[in-house]
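Subject: Structure handover and notes

Hello,

Here is the structure for your files. My notes on it follow below.

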Amino acid sequence: MDYSYILAVLLAFTLGSIPTAVWIGKRFYNIDVREHGSGNAGATNTFRVLGQKAGIIVLSIDILKGFLAVFLSQLAALYLGCGNMTLLKIVAGISAVLGHIFPLFAGFRGGKGVATILGAVFGINPLASTIAIVVFLTILIITKYVSVGSMLAGSTFPFTVYFIQGNDDVFMLVFSILVVIMLVFSHKTNIKRLKNKTENKTYLFAPKKR
């Protein structure tokens, strides 16, 4: 039995379950960000509710969670042995994102997983993540909608994998499509607000509203 996959799932899900926004909000601001703003325990809502400093910290840690989940799982697999390293990294990345969305340490009420997806993708495919960052920032600057930027940035992943890298690894192709599906699913309420023209525009580096 290949225990490296089991270890990757447990390690990555635990790392992903660290509820950065919730812990920082409660510890330093006496605020549960899930009770304010959009109700999500993620970086965007932290910027909106707690301000720039807290938002940058949460964003950085949430990205790091995804990257470390992939990196540490890979290191463990090198020690234990692994049949398919690409598949293992993908399993670790997905587990970290699911941990962020359904965190063990915060009553299974987390965020959308965008920052953690970015960190995981960077650990799995640095080029795809770099292109996604450029697309996200471009769309954010143009539209001021984090949700639109996130979904469109994620949509570049399968395009990068298949057309730019020419990667025909079935696991990588399936994962790139899963990234798009996860992002769209986690943004279903945002999509409704966009259709109703009630989605809030976000200025990540604007001063916190009082």
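A patch, as used here, is made of residues with over 30% relative accessible area and no salt bridge, where like charges are joined within 9 Å and nonpolar side chains (Val, Leu, Ile, Met, Phe, Trp, Tyr) within 5 Å. Accessible areas come from the Shrake-Rupley method with a 1.4 Å probe, and for residues only the protein chains shown count as cover. A salt bridge is a side-chain nitrogen of Lys or Arg within 4 Å of a carboxyl oxygen of Asp or Glu.

This is a predicted model, in which local features need pLDDT of at least 70 and side-chain atom pairs count only at pLDDT 80 or more, while totals for chains, interfaces and linings use all residues. Residues are numbered from 1 along each chain as its sequence is written, and side-chain values use heavy atoms, with hydrogens and water left out.

Surface patch

Tyr3, Ile6, Leu7, Leu10, Tyr79 and Leu80 make up a nonpolar surface patch whose accessible area together is about 680 Å². Helix 1 (3-16) and helix 4 (52-80) each contribute at least two of the patch residues; helices (H or I, at least four residues) and strands (E, at least two) are DSSP runs, numbered from the N terminus. Helix 1 has the largest share of the patch, with four residues. Leu10 belongs to helix 1. Leu10 counts as exposed because its relative accessible area is 53%, the classes being buried under 20%, exposed over 50% and partly exposed in between (1.4 Å probe, protein chains only).

Salt bridges

The count of salt bridges comes to five. Lys26 and Asp32 form one of them, at 3.9 Å from N to O. Asp32 also pairs with Arg34, where the closest N and O atoms are 3.0 Å apart. Lys26 is partly exposed at 45% relative accessible area, Asp32 is buried at 15%, and Arg34 is buried at 10%.

Glu35 and Arg109 form another salt bridge, at 3.7 Å from N to O. This pair links distant parts of the chain, 74 residues apart: Glu35 is in the loop between helix 2 (20-29) and helix 3, and Arg109 is in the loop between helix 5 (85-101) and helix 6. Glu35 is exposed at 52% relative accessibility, whereas Arg109 is partly exposed at 39%. Through shared partners, salt bridges join Lys26, Asp32 and Arg34 into one network.

Pocket and cavity

Both terms rest on a 1 Å grid over the protein atoms alone: a cavity is a set of points where a 1.4 Å probe fits but cannot get out, and a pocket is an open set with protein on both sides within 12 Å along at least five of seven lines. Lining residues have an atom within 4 Å of a point. Grid points are joined across faces, edges and corners, and a volume is the space filled by probe spheres set on the points.

The largest pocket has a volume of about 960 Å³. Its lining has 49 residues, and those closest to the pocket centre are Thr44, Val114, Phe136, Val146 and Ser150. Elements giving two or more residues to this lining include helix 3 (43-50), helix 6 (114-124), helix 7 (126-143) and helix 8 (146-164). Helix 7 gives the most, eight residues. The pocket lining consists of 26 nonpolar, 17 polar and six charged residues, with Ala, Val, Leu, Ile, Met, Phe, Trp, Tyr, Cys and Pro counted as nonpolar, Asp, Glu, Lys and Arg as charged, and the others, Gly among them, as polar.

Searching the whole structure gives one cavity of 30 Å³ or more. The largest cavity has a volume of about 40 Å³, and the residues lining it include Ile18, Pro19, His100 and Gly110. Helix 2 supplies the largest share of that lining, three residues. By class, the cavity lining has six nonpolar, four polar and no charged residues.

Backbone and contacts

Asn30 has a positive phi of about 55° although it is not a glycine. Asn30 sits in the loop between helix 2 and helix 3 and is exposed at 70% relative accessibility. Lys144, also not a glycine, has a positive phi near 70°. Lys144 is in the loop between helix 7 and helix 8 and is partly exposed at 25%.

Leu87, in helix 5, is partly exposed at 23%. Leu87 and Phe175 are 88 residues apart in sequence, with 9.1 Å between their C-alpha atoms.

Regards
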